[in-house]
Structures are given as structure tokens and as C-alpha cells.
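Here is a briefing on one protein chain.

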Amino acid sequence: MQRIFRSPWSPEAYAAQEAHRQIVPESVCPSCAAPTKLWRHGRYERWLVSVMGALVRLCIARFLCPLCRRTISYLPDFALSYRLLGPDTLAAFMDGQHERPDVRSHHDLLQGYARQLFGFARELIRTVGAGLGLAPPLCVEKGLWPWLKLAGDGLAPVARRLVMTFSIGLLGRYQCHQPRGP
Ligand SMILES: [Zn+2]
């Protein structure tokens, strides 16, 4: 299972300080809902493009629930599940900041993300409803991006809330965000 946490680190600081070693897991298993001490269970590596357009290698902390035996990983909220580019880069693209280094060097990929965002939007809106504190947009094409922008202080916290509160990703619904239940 994958959880998203509010990162006090930038991607570069997270990597340099090996922040994955400092992650404290939840005291209740997010998958089976039992109060338990999750065991540290290695890590995995993934990549992220920084705001400056550089590739940053991230180690992601992984834990194991001794009761349900499911692994739980903790992804910092400057990254998106299964995506090379993070929410800040996607937001900059959506806002038309095409000269920013990360946007400029991954323009085609970002066009793909935007297609996924709009393609998934109806399901996202159906799932979330007014749960972000705002009435959902009536028109996806015109209203989706303003709605997401108003929903939080940046796209990273919004994407984190979607996963942590609604078990849904910004660009898709994934098995790894679903609890199994007790
Ligand atoms: Zn469990």
C-alpha cells in the first residue's frame, strides 16, 4: 500500500539527507486498521525531476504490517504515484510556465499528464464531490484546473489529500491506495 506524507524536505534535501530513514509510520495500519507497530521493511528507489529539471534519485521508505503482512510505503508529497514528474511541475505546466526548466525539458510528457488529468476528471469529481471544500466544477474543460487550484495551497497538498482521504490519485485510481479493511 502507498501513503503520501507532507514532506518538510525539498526533493534535493530529501535525497541528500536520506530522509527515508527518518520517516515515522502511522501507529494504526492503514491497510487493516489495526493499531500496531509497523516494521521497517527496506526501501525502493525511484526518480523525480526537480524544479530545475535535474533527475533526483529518491529512496522510498517501506514498512510491513505484522498483522496483515501488507507492505506500506511512504511517498513524499512532492512526488506523484508512478510518475517521473511531480505535482509542482504539472501545476507549472497547467499555469503556462513553459520556460521553467522542468516544464521545458518534459513538455511532451506533461501534455500526456494533462490528458490523463482531464480524462480521469469525471471519475475524480464523482468520487470527491464537494469533499475538497468546494462545489465540484460543472464543466471539466473550463473548471477542473481552477477547482484544483482553489482546493489547496498548491497541487501537492491536494494530490496528497486525494490519496489520504479519498483513496484516489490525481491521475488515476490505483490498487495501492486502497485499504483492505479489518
Ligand atoms: Zn495491517
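**Arg160, a buried charged residue**

Arg160 counts as buried, because its relative accessibility is 13% and the cut-off for buried is under 20%. The model is predicted. Arg160 sits in helix α6. Leaving out residues up to four places away in sequence, Arg160 touches Ile4, Phe5, Arg6 and Asp77.

**Overall build**

- The protein has six helices and four strands.
- Along the sequence, the pattern runs β-α-β-β-β-α-α-α-α-α.
- The radius of gyration is 17 Å, close to the 16 Å that the globule rule gives for 182 residues, so the protein is as compact as a globular protein of that length.
- Taken along the principal axes, the C-alpha atoms fill a box of roughly 45 × 35 × 25 Å.
- Of the 182 residues, 51% are buried.
- Among contacts between residues at least 6 apart in sequence, 56% join residues at least 24 apart.

**Nonpolar cores**

- In soluble globular proteins, nonpolar side chains tend to be buried together.
- The largest nonpolar core here has 32 residues.
- Leu90, Leu144, Trp147, Leu148, Leu162 and Leu170 have the most contacts inside this core.
- Helices α2, α4 (107–128), α5 (140–150) and α6 each supply at least two of the core residues.
- Helix α4 gives the most, with nine residues.
- Apart from this core lies another, of 25 residues; Ile4, Ala19, Ala34 and Leu48 are among them.
- Trp147, from the largest core, touches Leu124, Ile125, Val128, Gly129, Leu132, Leu134, Ala135, Pro136 and Pro137, not counting residues up to four places away in sequence.

**The largest pocket**

- Rolling a probe the size of a water molecule over the atoms shows where empty space is left.
- The largest pocket has a volume of about 190 Å³.
- Its lining has 14 residues, and Pro11, Leu48, Val51, Phe78 and Asp88 are the closest to the pocket centre.
- At least two lining residues come from each of α1 (11–16), β2 (39–49), α2 (87–94) and α6 (155–166).
- By class, this lining has eight nonpolar, four polar and two charged residues.

**The enclosed cavity**

- How many cavities of 30 Å³ or more does a search of the whole structure find? The search finds one.
- The largest cavity holds about 110 Å³ of space.
- Of its 14 lining residues, Leu80, Ser81, Ala159, Gly169 and Leu170 are the closest to the cavity centre.
- Helix α6 gives the most to this lining, with four residues.
- The cavity lining divides into nine nonpolar, two polar and three charged residues.
- Leu170 lines the cavity and is also one of the residues with the most contacts inside the largest core.

- Glu18 has a phi near 50°, a positive value in a residue other than glycine.
- Glu18 is found in the loop between α1 and β2.
- With a relative accessible area of 36%, Glu18 is partly exposed.
- Ser167 has a phi near 55°, again a positive value in a residue other than glycine.
- Ser167 lies in the segment after α6.
- Is Ser167 buried or exposed? Ser167 is buried, with a relative accessible area of 16%.

Definitions and conventions. Residues are numbered from 1 along each chain as its sequence is written. This is a predicted model: local features need pLDDT of at least 70, side-chain atom pairs count only at pLDDT 80 or more; totals for chains, interfaces and linings use all residues. Side-chain values use heavy atoms; hydrogens and water are left out. On a 1 Å grid over the protein atoms alone, a cavity is a set of points where a 1.4 Å probe fits but cannot get out, and a pocket is an open set with protein on both sides within 12 Å along at least five of seven lines; lining residues have an atom within 4 Å of a point. Grid points are joined across faces, edges and corners, and a volume is the space filled by probe spheres set on the points. Ala, Val, Leu, Ile, Met, Phe, Trp, Tyr, Cys and Pro count as nonpolar, Asp, Glu, Lys and Arg as charged, and the others, Gly among them, as polar. A nonpolar core is a set of buried Ala, Val, Leu, Ile, Met, Phe, Trp, Tyr and Cys residues joined through side-chain atoms within 4.5 Å. Buried means under 20% relative accessible area, exposed over 50%, partly exposed in between (1.4 Å probe, protein chains only). Contact means heavy atoms within 4.5 Å. The radius of gyration is taken over C-alpha atoms; the globule rule is 2.2 Å times the number of residues to the power 0.38.
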